[in-house]
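Student: Could we go through the charged pairs in this one together? I would like to know who pairs with whom and how open each partner is.

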Amino acid sequence: MALRFGDNVSTAETDYGTVLLDERAGAYWELNPTATLAVRTLLDGGEESDAAAALVREFDIERAQALRDVETLVRELRTSGLAS
């Protein structure tokens, strides 16, 4: 399922990844480069498996680990209310 940030979330890409601002809570979240690539893939309509494949290509990580990392990231973003 594709990822979508809530209307209350602002994003800014930096040299070190992406910063998310939860405007409701006034809290910042920082995504490292691997999380940024995964999120970008998902926001562009990709599935979790597509995001994992992008991580494997870019960061020389095992596919199973990449998929677990993407699943964890998505779960945390959704649980926190930042994304649906």
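**Salt bridges, pair by pair**

Tutor: Let me begin with Glu-13, which counts as exposed at 57% relative accessibility. Please keep in mind that this is a predicted model.

Student: Okay, which side chain does Glu-13 meet in a salt bridge?

Tutor: Glu-13 meets the side chain of Arg-40, with a distance of 3.0 Å from N to O. Arg-40, for its part, counts as partly exposed, at 35% relative accessibility.

Student: And where do Arg-40 and Glu-13 lie?

Tutor: Arg-40 lies in helix α1, which covers residues 33-43, while Glu-13 belongs to strand β1, residues 9-14, so the pair ties together parts that are 27 residues apart in sequence.

Student: Stepping back, how many salt bridges does a search of the whole structure find?

Tutor: The search of the whole structure finds three. Among them is the one in which the side chains of Asp-22 and Arg-24 meet, at 3.4 Å from N to O.

Student: Is Asp-22 buried or exposed?

Tutor: Asp-22 is buried, because its relative accessible area is 5% and the cut-off for buried is under 20%.

Key
Residues numbered from 1 in each chain as written. Predicted model: local features only at pLDDT ≥ 70, side-chain atom pairs only at ≥ 80, totals over all residues. Heavy atoms only, no water. Salt bridge = Lys/Arg side-chain N within 4 Å of Asp/Glu carboxyl O. Helix = DSSP H or I, 4+ residues; strand = E, 2+ residues; numbered from the N terminus. Buried < 20%, exposed > 50% of the residue type's maximum accessible area, 1.4 Å probe, protein only.
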